[in-house]
Amino acid sequence: MPMIDVYAAAGTFSERQALAQKLATELMAIEQVPDIPMFRKNTAAFVHELPSSGLSNVDGDSTYVRVQVLTNAGALDRDKQLAAVRELTDVVIRAAGDATLADRTWVLLTEAPDGGWGLSGHANTNAELVAAAREAIAAARAVG
């Protein structure tokens with residue numbers, strides 16, 4: 001149930017909601033979690049536009065994109081890390097319509113510590129998240 005934050009200069013993306021939805025969808029697929037409401041409703045992306053004066057490298061260039069991905073601990077093994085960085089970068093460059101942006105897109109993968117994933121007012125451990133997912137899957141199967 002990752003949270004994704006994208007930071008870029010204003011005007012980089014014309015369809016911010018479409019970008020957010022595509023990033024969330026891609027990351028959910030990369031994580032290989034079940035397609036259940038618990039994951040669909042709690043995998044989200046936030047697109048933050050900054051004035052170009054609000055970001056810069058050493059040379060003064062402000063044409064960068066930062067994608068910060070926060071997952072629960074252990075959600076992404078090495079293959080999933082590689083896929084996440086590759087796929088999310090591709091989503092960003094397609095959304096911006098600028099293939100050169102690949103060299104200026106940073107994807108940072110961060111894990112919340114066990115017990116540090118808050119949902120519904122509760123700091124969940126990984127075991128609690130897994131149990132809740134199993135419960136949701138069992139309930140969906142019982143209905144279907």
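The lining of the largest pocket in this predicted model comprises nine nonpolar, three polar and three charged residues. In this classification Ala, Val, Leu, Ile, Met, Phe, Trp, Tyr, Cys and Pro are nonpolar, Asp, Glu, Lys and Arg are charged, and the others, Gly among them, are polar. The space in this pocket amounts to about 320 Å³. Of its 15 lining residues, Glu31, Val33, Phe39, Asn72 and Val130 are the closest to the centre. Helix α4 (residues 126-143) supplies the largest share of this lining, with five residues. A pocket is here an open set of points on a 1 Å grid over the protein atoms alone, where a 1.4 Å probe fits, with protein on both sides within 12 Å along at least five of seven lines; lining residues have an atom within 4 Å of a point. Grid points are joined across faces, edges and corners, and the volume is the space filled by probe spheres set on the points.

The second largest pocket has a volume of about 170 Å³. Gln21, Ala24, Thr25, Met28, Arg40 and Thr43 form its lining, which divides into two nonpolar, three polar and one charged residue. Helix α1 (residues 16-31) contributes the most to this lining, namely four residues.

The model is a prediction, in which local features require pLDDT of at least 70 and side-chain atom pairs pLDDT 80 or more, whereas totals for chains, interfaces and linings use all residues. Residues are numbered from 1 along each chain as its sequence is written, and side-chain values use heavy atoms, with hydrogens and water left out.

The protein contains four helices and six strands, arranged along the sequence as β-α-α-β-β-α-β-β-β-α. Helices (H or I, at least four residues) and strands (E, at least two) are DSSP runs numbered from the N terminus. Along the principal axes, the C-alpha trace spans about 55 × 30 × 30 Å. Of the 144 residues, 35% count as buried, that is, under 20% relative accessible area with a 1.4 Å probe and protein chains only. Among contacts (heavy atoms within 4.5 Å) with a separation of 6 or more, 77% join residues 24 or more positions apart.

Leu19, Ala20, Leu23, Ala24, Glu26, Leu27, Met28, Ile30 and Glu31 are the buried residues of α1. The elements covering them include β1 (3-9), α2 (37-41), β2 (44-50), β3 (65-72) and α3 (78-96). Gln32, which follows α1, has a positive phi near 60°.

Two strand residues were examined individually. Thr105 lies in strand β4 (residues 105-112) and is buried, at 9% relative accessibility. A polar atom of the Thr105 side chain lies 2.8 Å from the backbone oxygen of Leu101. Apart from neighbours within four places in sequence, Thr105 is in contact with Val65, Val67, Thr89 and Val92. Asn124, located in strand β6 (residues 122-124), is likewise buried, with a relative accessible area of 11%. A polar atom of its side chain is 3.0 Å from the backbone oxygen of His122. Beyond neighbours within four places in sequence, the contacts of Asn124 are Gly115, Gly116, Trp117, Gly118, Leu119 and Leu129.

Notes
Buried < 20%, exposed > 50% of the residue type's maximum accessible area, 1.4 Å probe, protein only. Polar contact = N/O pair within 3.5 Å; in protein donor to acceptor, adjacent residues only side chain to side chain.
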